[in-house]
Amino acid sequence: MTLTSERRTPPAGERAFGASVAGPAHVAANLANQDAWTYARWVVGPGTVHCAVVCDGLGSRPHAREGARAGVRAAKRAARQWSRAPGAPVGLLVRLLEVLWRLEVAPLPADDCATTCLLALALPDGLEWRLVLLALGDGLAVVDGPEGLWTVGGRPAEHFSNTTVGLGTPHHMNDWQVQDLKASGQVRVLLLSDGIADDVPEHHVPDLLTWLAGLEDRPAAARGQALRRALRQWPVPGHSDDKTVVYLRIGGIEA
């Protein structure tokens, strides 16, 4: 199942929501959405860890939908396990995610299930957040905090090929893009599949964040409707891809 609603309701002062819709090309072909997303939170030691994931199954693969759904499950399982090992290098998180994804899709051939993967993980670290962003393939991950705006992923301007890298395609560990940073105070995290990211230049990301922040206080049902309607009525001529967005706002950590 592609997740299209909030999985859990964060406490007051925190917001997490997202939506995913099939693109016009898949709707016209009577095909299902091949994106998937999830949000989860859990307690480790004295603090709460937040985890958001977006996967985009590669449309040329026969089991792209299954691969994307397996990707969000594998990423969440890997993040939960890795977060309980303080000091473990991020490389181990990546390796664990890769292995768990292959177990999730088995016995299907991995190449038939290929998918991109975006993961954002926020871990309390003293009076700050440690924020880990991972990206393999297309899509965009963003952190907006008091120290500035960071992005991971996105399609390079010189990228003209339809070939993309992902779980299940031949790739190296250094194909993963990684940001491991600290932030204090209120932080917003945004994950976008390429059906959105390719149409939102980086200088317009703050505008998208502002629009999403305006949805924060709406009831969950009304917010979900507004978000899905906006994705279906995406104002870019010729757009065809599936579209997924996940938004997370977490507050400052009190002493």
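Valine 143 stands opposite valine 189 in strand β9. Strand β6 (residues 140-145) pairs with strand β9 (residues 187-192) in the antiparallel sense, over five bridges. The model is predicted. The points below go from the sheet to its helices, then to a pair of rings and a pair of helices.

**The sheet**

- Five strands form an open sheet with antiparallel pairing.
- Their order is β1-β10-β9-β6-β7.
- Strands β1 (15-21) and β7 (148-153) stand at the edges.
- Each of these two has a single partner strand, so one side of each is left without a neighbour in the sheet.
- From one strand to the next, the twist averages 10°.

**Helices on the sheet**

- Helix α5 (residues 205-213) packs on the sheet.
- Helix α5 touches β1, β6, β7, β9 and β10 (243-250).
- The direction of α5 makes about 105° with that of β9.
- Helix α6 (residues 220-232) lies across β1 and β10.
- Helix α6 runs at about 40° to β1.

**The aromatic pair**

- How many aromatic pairs does the structure hold? It holds one.
- The partners are phenylalanine 17 and tyrosine 247, and their ring centres are 5.1 Å apart.
- The ring planes stand at 40°, so the pair is tilted.
- Phenylalanine 17 lies in strand β1 and tyrosine 247 in strand β10. The pair therefore ties together parts that are 230 residues apart in sequence.
- Is phenylalanine 17 buried or exposed? Phenylalanine 17 is buried, with a relative accessible area of 3%.
- Tyrosine 247 also counts as buried, at 1% relative accessibility. The cut-off for buried is under 20%.

**Helices α2 and α3**

- The axes of helix α2 (residues 64-83) and helix α3 (residues 90-105) come within 8 Å.
- The two axes cross at roughly 140°. That makes α2 oblique to α3. An angle has to be over 145 degrees to count as roughly antiparallel.
- The crossing of α2 past α3 is right-handed.
- Which residues of α2 meet α3? Among them are Gly67, Ala70, Gly71, Ala74, Ala78 and Trp82.
- On the α3 side, the residues that meet α2 include Leu92, Leu93, Leu96, Leu97, Leu100 and Trp101.
- Arg73 and Arg77 in α2 also belong to this contact, as does Glu104 in α3.

Definitions and conventions. Residues are numbered from 1 along each chain as its sequence is written. This is a predicted model: local features need pLDDT of at least 70, side-chain atom pairs count only at pLDDT 80 or more; totals for chains, interfaces and linings use all residues. Side-chain values use heavy atoms; hydrogens and water are left out. Two strands pair if DSSP finds at least two bridges between them. Helices (H or I, at least four residues) and strands (E, at least two) are DSSP runs, numbered from the N terminus. Axes are lines fitted to C-alpha atoms, for helices over the stretch in contact, and angles run from 0 to 180 degrees between N-to-C directions. Contact means heavy atoms within 4.5 Å. Rings of Phe, Tyr and Trp (its six-membered ring) pair if their centres lie within 6.5 Å; planes under 30 degrees apart count as stacked, over 60 as edge-to-face and the rest as tilted. Buried means under 20% relative accessible area, exposed over 50%, partly exposed in between (1.4 Å probe, protein chains only). Angles under 35 degrees count as roughly parallel, over 145 as roughly antiparallel, 65 to 115 as roughly perpendicular and the rest as oblique. A crossing is left-handed if the near helix is turned anticlockwise from the far one by less than a right angle, and right-handed if clockwise.
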